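Visitor: Could you walk me through reading a few features of a model like this one? I would like the general idea and then the case at hand.

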Amino acid sequence: MNLNRKNLSRIRSLICFAALVCLAVIKFDWLCQIALFVVKIIRPFLMGAAMAFVINLPMRFIERTLFEGKKAEGKRAAFLAKAKRPVSLVLALLLVALVITLVIVTVIPQIVSTVRVLAREIPIFAQSALNELDRLAVENPEIQKALESVKIPEIDWKEMLENVVNFMRNGMGSMVTTTVSFAGNIVSGTVNFFIALIFSFYILAQKEKLADQAKRTIRAYARPSVYEWVMKVARLLSQNFGRFITGQCTEAVILGAMFVVTMAILRFPFAIMIGVLIAFTALIPIVGAFIGCFIGAFLILVDNPAKAVGFVILFLILQQVEGNLIYPHVVGNSVGLPSIWVLAAVTVGGSLMGVVGMLVFIPLLSTVYALLRENVNLRNSRNSGGLCGGRDAARAPDQEE
């Protein structure tokens, strides 16, 4: 190898890269702590970017529907150009707030009333159970004799009092600390939410300018091939995330409507409330609807235990229809991902990051799948072209003969 300037630069780059890899392996826990610290600092801005992306979907639809394609001249055109972004943003926020308010108003009061019914019925049930036990003891003296033969250990009141005093002395301090920490987390979460919301407003207000600045920065510091690849991946990510959110919302609305209609036909109680609840929880891929099923079955159980069993059977039937017919076509086709990879993405994402991982990994894996499929097809076409060329070359002497 000639040790010219170009080769020396490559050797230095390889040495630096190998040193960084060794440092990352040796100090992996240290790097993880730094990464978690950085993520904690920028968490409000990450949340704001995610909120801006979600709000941008209805906002972009409103802009295309209300403002684009409108013929206007002079002052009216200038007014529409100025009002396009703020009006669309306000309408999109109102739409999101309306959906959340609908869920809260529909579901929360029914849950509160159910808890009140339980609080009223449980003492009555406990008293009737005690009365039944007394009746059984009177009608069956052998049960009473068996209970009397059981040795009940004596309670050491002195030791119990000492334990209570020790808890009051040592445990109350930790309890107060935990309470203060919990209150601090609530305040911090509220502040971070409003910071993220304001940051999302700034992003949505000047998204074209921010996108142009990002493109110019990448173009300035990267080679043209790298720039094109980064832009291609960014477009794929944006399309897949947007299609996934749209498909997930569509699937949730379809599933909720199916429950409302079938429960109303079969005369189940709380049809609208349970349908809205299942539609809302179905936004969590695959497993979300089961959360709505558990809450719905619990609410119906208080009103009519027999119908609660029927509701579980109905849920299993509709879940099979939704899982085998609706979800793969609506969500899987929207992101171009086969059903088996949707399940894999949900499983891996849920294991690593919980609910957020379930929502992120499907479009992320869809992007990786699209890039890998394109690269595999390109390589196969090259290989098949090479094989055809080799075959043609091998056949050429025969043709000349």
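Guide: Gladly, and please keep in mind that this model is predicted. Let's begin with burial: T281 counts as buried because its relative accessibility is 9%, where the cut-off for buried is under 20%. T281 belongs to helix α8, residues 271-281.

Visitor: What does the side chain of T281 reach?

Guide: That side chain reaches the backbone oxygen of I278, at 3.2 Å. Setting aside neighbours within four places in sequence, T281 is in contact with G288, A289, I291 and G292.

Visitor: Now a residue in another helix, please. Is N56 buried or exposed?

Guide: N56 has 12% relative accessibility, so N56 counts as buried. You will find N56 in helix α2, residues 28-66. The side chains of N56 and K207 are joined by a polar contact of 2.5 Å. With neighbours within four places in sequence left out, N56 touches L204 as well as K207.

Visitor: How should I read two packed helices?

Guide: Two packed helices are described by the angle between their axes and the distance between those axes. Take α6 (residues 207-221) and α7 (residues 224-265): they pack at about 150 degrees, and their axes lie 8 Å apart. That angle makes α6 roughly antiparallel to α7, since the cut-off for this is over 145 degrees. The crossing of α6 past α7 is right-handed.

Visitor: Which residues of α6 and α7 meet?

Guide: From α6 come K215, I218 and R219, and these meet Y227, V230 and M231 of α7. By type, the residues of this contact divide into 4 nonpolar, 2 charged and no polar.

Technical notes
Residues numbered from 1 in each chain as written. Predicted model: local features only at pLDDT ≥ 70, side-chain atom pairs only at ≥ 80, totals over all residues. Heavy atoms only, no water. Axes fitted to C-alpha atoms, helices over the stretch in contact; angles between N-to-C directions. Helix = DSSP H or I, 4+ residues; strand = E, 2+ residues; numbered from the N terminus. Parallel < 35°, antiparallel > 145°, perpendicular 65-115°, else oblique. Left-handed = near helix turned anticlockwise from the far one by under 90°. Contact = heavy atoms within 4.5 Å. Nonpolar A, V, L, I, M, F, W, Y, C, P; charged D, E, K, R; others polar. Buried < 20%, exposed > 50% of the residue type's maximum accessible area, 1.4 Å probe, protein only. Polar contact = N/O pair within 3.5 Å; in protein donor to acceptor, adjacent residues only side chain to side chain.
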